Amino acid sequence: MHAIRPLPDQLINQIAAGEVVERPAAALKELLENSLDAGATQIDIDLAGGGVKLIRVADDGMGIDREDLVFAVARHATSKISSASDLEAIGTLGFRGEALASIAAVSRLALTSRSRTKPHAWRIEVDGGEVGAPQPAALASGTTVTVQELYFNTPARRKFLRTDATEFGHCEEAFRRIALSHPDTGFTMQHNASVRYRLLAQGRRARVDALLGDEFAAQAAYVDEHGPGLSLAGWVVRPAYATSARDAQYLFVNGRFVRDRVLAHALREAYRDVLHHERQPAYALWLTIEPRIVDVNVHPAKAEVRFRDSGAVHQFVRHAVEKSLASTAAEQPAVSASERLGVAAARVPPSRRAFTPGCSVTGCRCSTKLSEPSEPMDPTCPTLAIIRSASLWRSCMESSCSLKTATGWCWSTCMPRTNASSTSVSRPRLTARCRCSRCWCR
Ligand SMILES: Nc1ncnc2c1ncn2[C@@H]1O[C@H](COP(=O)(O)OP(=O)(O)OP(=O)(O)O)[C@@H](O)[C@H]1O
Ligand SMILES: [Mg+2]
């Protein structure tokens with residue numbers, strides 16, 4: 001065994017960079033968070049080669065004084081907290097004082113900044129962790145950080161990078177999360193000199209429309225719930241819009257995108273009665289919570305949080321989303337009787353729903369209908385009412401359904417092939433080709 005010795009600072013930073021700067025998208029996220037913490041109202045991003053070759057983030061925030069530039073790129077140096085008690089109520093996105101040092105340890109970084117009260121800007125360069133002296137520079141306002149040749153001095157890490165297109169895709173997702181979480185900030189983003197996003201400072205709804213698209217916007221139900229020490233606002237989509245991908249699930253806790261198991265479970269529970277278990281809901285939700293009852297210091301990349309009373313937060317979120325989904329169902333425009341029945345059926349326990357094999361509706365080969373004498377079945381769309389309930393799918397005994405519409409599989413005329421004991425349901429795909437006027441998949 002060799003003698004134990006302290007590691008050189010540069011190596012410590014490179015090790016830390018492994019956690020904090022996993023890939024270019026992680027570096028971009030850290031730089032954007034710094035700009036937001038600095039109160040930027042406009043942030044311009046310039047990427048090249050998927051962010052590996054270049055990441056430049058320019059903001060109009062408060063800037064950094066000349067004498068602080070060296071600390072900005074030093075490890076464990078931050079302006080955001082100063083004592084242990086600050087850790088108990090973190091109000092900024094960053095607080096660990098290690099992002100810039102980590103990025104600078106594995107790239108060629110230049111930090112140019114002009115403090116609002118100063119006559120001109122200063123620039124500091126860090127080459128693979130080697131810090132240069134601050135030099136006078138020209139910059140109208142704010143801070144510009146340029147990161148070039150990420151991982152140029154850590155070939156092992158470089159090997160794990162994917163193609164430029166894939167890395168850009170990750171950068172784009174990091175950007176979308178930040179841009180959604182802070183709609184009141186304007187953004188531009190270009191990649192390889194072509195402009196990809198130009199977002200004005202706007203309200204949440206406009207930002208959601210711009211980033212999540214018309215379909216999400218058209219299907220979204222508003223959530224607005226307030227409780228003691230916390231509130232939830234945003235949009236959740238109606239169950240029919242759910243897809244099998246998790247690509248539109250945005251949940252922000254105090255302006256920070258998080259993937260949290262408690263919150264994810266609360267959302268799944270809220271959708272449980274109205275969504276098949278293989279489908280994924282889409283949502284953009286902002287949870288605002290008293291900083292003292294949430295700990296954000298639980299993950300090196302600050303991607304997780306821990307709630308002091310996770311049960312109460314779970315219940316609050318679940319209730320808020322359930323309430324919103326229920327009100328959407330009530331607001332459905334011009335639905336048929338069978339559709340209404342479907343909503344009702346989806347909300348009662350399976351044992352209270354009765355099915356009779358051998359549907360007699362002319363033209364229907366699905367052979368299943370609700371035995372609810374007071375609710376007439378719609379002869380053209382006999383199964384629509386029951387299809388939206390995951391538990392009903394599992395209850396269906398029909399195994400020979402083969403109806404198709406002229407334009408493709410359609411929920412409204414085709415029952416799934418399934419059997420009572422199977423949980424893996426072969427479900428007809430919702431298709432954009434569906435022409436059925438009543439079908440909720442449209
Ligand atoms: N764009 C910026 N505008 C103004 N100040 C900045 C900017 N970027 C960094 N700083 C300053 O540099 C310091 C170090 O930044 P760094 O990202 O390394 O740490 P942090 O944001 O404090 O914590 P974390 O490591 O959690 O991000 C910040 O505390 C801040 O004072
Ligand atoms: Mg930071």
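Which residues of α9 are buried? They are L263, A266, L267, A270 and Y271. A residue is termed buried if 20 or more other C-beta atoms lie within 10 Å of its own, exposed if 12 or fewer, and partly exposed in between, with C-beta atoms placed from the backbone. Viewed down the axis of α9, the buried residues fall within an arc of 130 degrees, so they line one face of the helix. The arc is that of the directions from the helix axis to the C-beta atoms. An α-helix has 3.6 residues a turn, so residues three or four places apart point the same way.

The model is predicted: local features need pLDDT of at least 70, side-chain atom pairs count only at pLDDT 80 or more, and totals for chains, interfaces and linings use all residues. Residues are numbered from 1 along each chain as its sequence is written, while chains are lettered from A and ligands numbered from 1 in the order in which they are written.

The protein chain holds 13 helices and 18 strands. Helices (H or I, at least four residues) and strands (E, at least two) are DSSP runs, numbered from the N terminus. Of the 442 residues in the protein chain, 41% are buried. Two residues are in contact if their C-beta atoms, placed from the backbone, lie within 7 Å. Among contacts between residues at least 6 apart in sequence, 67% join residues at least 24 apart.

Ligand 1 has 22 residues around it. N34, A38, T78, G94 and A99 come nearest. A residue is near a molecule or strand if its C-beta atom, placed from the backbone, lies within 6 Å of it. By class, the shell comprises eight nonpolar, nine polar and five charged residues. Here Ala, Val, Leu, Ile, Met, Phe, Trp, Tyr, Cys and Pro count as nonpolar, Asp, Glu, Lys and Arg as charged, and the others, Gly among them, as polar.

Helix α2 has 14 residues. From first C-alpha to last, α2 reaches 20 Å, close to the 20 Å expected at 1.5 Å a residue. The expected span of a helix is 1.5 Å times one less than its number of residues. Helix α2 is mostly covered, with 13 of its 14 residues buried. Just after α2, G39 takes a positive phi of about 80 degrees.

S102 sits in helix α5. S102 counts as buried because it has 27 C-beta neighbours inside 10 Å. Not counting residues up to four places away in sequence, S102 touches N13, A16, A17, V20 and V21. S102 and A27 are 75 residues apart along the chain, yet their C-alpha atoms are separated by 9.0 Å.

At G213, α8 bends by about 125 degrees. The bend at a residue is the angle between axes fitted to the seven residues ending there and the seven starting there. The buried residues of α8 are R207, V208 and L212. These pack against α7 (164-181), β9 (194-199), β11 (230-237) and β14.

The loop between α9 (261-271) and β14 (283-289) contains A282. A282 counts as buried because it has 22 C-beta neighbours inside 10 Å. R279 is found in the loop between α9 and β14. With 18 C-beta neighbours inside 10 Å, R279 counts as partly exposed. P239 lies 43 residues from A282 along the chain, with their C-alpha atoms separated by 8.7 Å. P239 and R279 are 40 residues apart along the chain, and their C-alpha atoms are separated by 8.7 Å.

Backbone angles were examined next. Most residues other than glycine have a negative phi, and most peptide bonds are trans. E149 is not a glycine, yet has a positive phi of about 50 degrees. Y151, also not a glycine, has a positive phi of about 65 degrees. E149 is placed in the loop between β7 (142-148) and α6 (155-158). Y151 is found in the loop between β7 and α6. E149 counts as partly exposed, with 17 C-beta neighbours inside 10 Å. Y151 counts as buried, with 21 such neighbours.
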